Amino acid sequence: MTADIYRPAAPAAPNDLDAFWMPFTANRAFRRRPRLIAAAEGMHYVTVDGRRILDGAAGLWCCNAGHGRAPIVRAIQEQAARLDYAPTFQYGHPAAFALASRLADLAPGDLNRVFFTNSGSEAADTALKIAIAYWQAKGKATKTRLIGRERGYHGVGFGGVSVGGISANRKSFGALLPGVDHLPHTYSREHQAFSRGQPEWGAHLADELERLVALHDASTIAAVMVEPMAGSTGVLPPPRGYLERLRAICDRHDILLVFDEVITGFGRLGAAFAAERFGVLPDMLTFAKGVTSGAAPMGGVIVREGVFEAFMQGPAHMIELFHGYTYSAHPLACAAGLAALDLYRDEDLFARARRLEETLADAVHALKGLPGVLDVRNIGLAAGIDLAPAKDDDGREVPGRRGLAAIERGFHDHDVLLRVGGDTIALSPPLIASESDIADLVERVRRVIIATG
């Protein structure tokens, strides 16, 4: 797979762990017993001491084609030698247009126009800005209110955090953006526990948007942003009919619908985008992560033709949207994206994920009955496993402690990398996984659950 590419020796462990302030990490706990990764290939990471770690999270929901794929590595190397950087403010380079065309072809319906960013967070904030600017361009400048959803995650920019609904991501940062409201989340353990795929209960929760319209009036609401499958909060598949009802309500009240597909895009649910799997066309969708299979930072927003055309008015010499980033459509990221899309196509990885869905479902639902397993959910090649929180010496629950223990025990004792939010394990293996890889992964998770119970 990688014999024809330059692969340097793995670095040694660093002598100093103090300078790097790690994101979304218990830094003091990490330094007590570090989890250091030095290399990766296929389904595995390699630690600084040479242990192979099974990747149960596709890195961070992003390495969908696996690690160290030669076509992606070669594409980045060749692009760096040919064109290391070019601005996309008033200039362009061929790879940017080529990748945009490929993404437009891949997206459903008339989602034809691509605005590049560098991450899912930037993509979310970009989509929100486009939504507000769109209504200004249409002569409806009062439509500025943004609607998110409880337990939603849309990155860490001020816009994304404002419409997001995870309290830990919000509570330390003040009032955030004004003019934001939230739909209720779609999860009920009472009605949905141990559902396989989309739960039957919960479509009616979309009707809460009607209540918000009645409260604020449609003339003030610009957009609704939701994840088709809520990923970071613990894999919450949409109830059957929920997304369809959201779309219908948005149409009825002239509100833009934005799908955050940073996690669900590029095969995670067995299709190029969740919009395709669920048959619901948003006005915009955001992407990142899998677009380059995690090999280079990239994100973006794909918008419908009517949204784009609203901006193409006025004098032709004037900039239509005063927004962008220094590294929008960076040449190395574009090269990685084109190579990743080739791999997805040539190896039919989206269809592979759909075929493996039942294999993963059977494996994770077999965990039901283990001590402390409160719920198991799955859809596509993703699964969430809720664990009962650990308790202190006085019998009081300590949220998050068991989740951290699962990360630590998984890495050090069972050679598996896990994504954990609170006390929920979220599984999202690379799409190249075999049936035996999935069985191996879930067996290691079983051992972790028992060890931390």
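Biologist: Which side chain meets that of Asp-254 in a salt bridge?
Modeller: This is a predicted model, in which local features need pLDDT of at least 70 and side-chain atom pairs count only at pLDDT 80 or more, while totals for chains, interfaces and linings use all residues. Side-chain values use heavy atoms, without hydrogens and water, and residues are numbered from 1 along each chain as its sequence is written. In the salt bridge (a side-chain nitrogen of Lys or Arg within 4 Å of a carboxyl oxygen of Asp or Glu), with an N to O distance of 2.8 Å, the side chain of Asp-254 meets that of Lys-140.

Biologist: How many residues apart are Asp-254 and Lys-140?
Modeller: Asp-254 sits in the loop between α10 (242-253) and β8 (256-260); helices (H or I, at least four residues) and strands (E, at least two) are DSSP runs, numbered from the N terminus. Lys-140 belongs to the loop between α5 (120-137) and β5 (145-149). The pair therefore links distant parts of the chain, with a separation of 114 residues.

Biologist: What is the relative accessible area of Lys-140?
Modeller: The scale runs from buried (under 20% relative accessible area) through partly exposed to exposed (over 50%), with a 1.4 Å probe and protein chains only. Asp-254 is partly exposed at 37%. Lys-140 is likewise partly exposed, with a relative accessible area of 37%.

Biologist: How many salt bridges does the structure hold?
Modeller: Asp-110, Arg-247, Asp-251, Asp-283 and Arg-304 are linked in a network of such pairs. Elsewhere, Asp-342 forms a salt bridge with Arg-345, the closest N and O atoms being 3.3 Å apart. For the structure, the number of salt bridges is 32.

Biologist: How many residues apart in sequence are the parts that Glu-408 and Arg-35 tie together?
Modeller: The side chains of Glu-408 and Arg-35 meet in a salt bridge with an N to O distance of 4.0 Å. Glu-408 lies in helix α15 (residues 401-413) and Arg-35 in the loop between α1 (27-32) and β1 (37-41), so the parts tied together by the pair have a sequence separation of 373 residues.

Biologist: Is Arg-35 buried or exposed?
Modeller: The relative accessibility of Arg-35 is 16%. Because of this value, Arg-35 counts as buried.

Biologist: Which helix holds both Asp-342 and Arg-345?
Modeller: Asp-342 is partly exposed, with a relative accessible area of 26%, and Arg-345 is exposed, at 51%. The two are three residues apart, about one turn of the helix, and both lie in residues 331-346, that is, in helix α13.

Biologist: Which residues have the most contacts inside the largest nonpolar core?
Modeller: A nonpolar core is a set of buried Ala, Val, Leu, Ile, Met, Phe, Trp, Tyr and Cys residues joined through side-chain atoms within 4.5 Å. The largest one has 95 residues, and its largest share, ten residues, comes from α13. A second, separate core has 22 residues, including Trp-135, Ala-223, Leu-256 and Ala-310. Inside the largest core, the residues with the most contacts are Ile-385, Ile-425 and Leu-427.

Biologist: Which residues is Ile-425 in contact with, leaving aside its neighbours within four places in sequence?
Modeller: Contact means heavy atoms within 4.5 Å. With those neighbours left aside, the partners of Ile-425 are Ala-383, Gly-384, Ile-385, Leu-387, Ala-406, Leu-418, Arg-419, Val-420, Val-445 and Ile-449.

Biologist: Where is Trp-61 found?
Modeller: Phi of Trp-61 is near 70°, a positive value in a residue other than glycine, and Trp-61 counts as buried at 3% relative accessibility. Ala-58, also not a glycine, has a positive phi of about 50° and is buried at 0% relative accessibility. Ala-58 is found in helix α2 (residues 58-61), and Trp-61 too lies in helix α2.

Biologist: What percentage of the 453 residues in the protein chain do buried residues make up?
Modeller: The protein chain has 16 helices and 17 strands, and its C-alpha atoms fill a box of roughly 65 × 55 × 45 Å along the principal axes. Among contacts between residues at least 6 apart in sequence, 73% join residues at least 24 apart. Of the 453 residues, the buried share is 54%.
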